[in-house]
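Subject: Structure handover

Hello,

Here is the structure you asked about, with the sequence alongside. My notes on what turned up in it follow below.

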Amino acid sequence: IGILEAVGPSPAWLMALCALPAWLMVLFTALIARQLGGSRAAAAAAALLGATPLAVAWGRKVWFHTPEAALIAGALALWLSDTGLRRWHTPFGIALMGALAMTLRNTGLFWVLTLTPMLVVSARAGARRRLAMVVLPWTLAALLPLRLAPSYLAGKLDARAQYPAAVHPFHEQLGFMPGW
């Protein structure tokens, strides 16, 4: 949004900014796959996700969940490269990506909570001090979504009755979400 304010509103800039998280998600997914399964797994993961309409077509729409997914995948990729949090940039990067995800949308808090198991593993690996570099910024960033969570969840519960009319049946979603 800051870039759009600086250069002025432009459909081209907006499209470029919306494409960035989709392609970062493909990159971070490939990095995760490489760390877990090697180069072939990375190539396969990038090819599969890069060919998925949900990720690269729908993911470029404003306020879709792709930015949070990209940030969480980035944090996970960074953590997998240094599970003991030995390098200073690892906890800093994880803290930054998690805080950005939480302040981006109300759902960011729930996305960040999926990273909790990696924090538990790091704590067991003896990285408690470095873990504080992640937990403190996350705690501060969580104040905003926690404050908004009751009204957000109430709105979701109120809209629940509208979902059957607004959301296509699963078999109809297959073509435009994961793709054939």
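Of the 180 residues in the protein chain, 36% count as buried. Please keep in mind that this is a predicted model. The chain holds 11 helices and zero strands, so in sequence order the pattern reads α-α-α-α-α-α-α-α-α-α-α. The C-alpha trace spans about 50 × 45 × 40 Å along its principal axes. Taking the contacts between residues at least 6 apart in sequence, 67% join residues at least 24 apart.

Helix α9

Helix α9 covers residues 128-159 and bends by about 50 degrees at A149. A proline, P150, follows within four residues of that point. A149 is also one of the buried residues of α9.

About 220 Å³ of space lies in the second largest pocket. Its lining is made up of H65, R105, K156, Y163, A166, V167, H168, Q173, F176 and M177. Which elements give two or more residues to this lining? They are α10 and α11, the latter being residues 170-176. Sorted by class, the lining has five nonpolar, three polar and two charged residues. K156, in the lining, falls within the 128-159 range of α9.

T52

T52 is found in the loop between α3 (39-50) and α4 (53-56). Is T52 buried or exposed? With a relative accessible area of 16%, T52 is buried, because the cut-off for buried is under 20%. The side chain of T52 reaches the backbone oxygen of L48 at 2.6 Å. Leaving aside residues up to four places away in sequence, T52 touches A57, M177 and P178.

Regards

Methods:
Residues numbered from 1 in each chain as written. Predicted model: local features only at pLDDT ≥ 70, side-chain atom pairs only at ≥ 80, totals over all residues. Heavy atoms only, no water. Bend = angle between axes of the 7 residues up to and from the residue. Buried < 20%, exposed > 50% of the residue type's maximum accessible area, 1.4 Å probe, protein only. 1 Å grid on protein atoms, 1.4 Å probe; cavity = no way out; pocket = protein on both sides within 12 Å on 5 of 7 lines; lining within 4 Å. Points joined across faces, edges and corners; volume = space filled by probe spheres on them. Nonpolar A, V, L, I, M, F, W, Y, C, P; charged D, E, K, R; others polar. Polar contact = N/O pair within 3.5 Å; in protein donor to acceptor, adjacent residues only side chain to side chain. Contact = heavy atoms within 4.5 Å.
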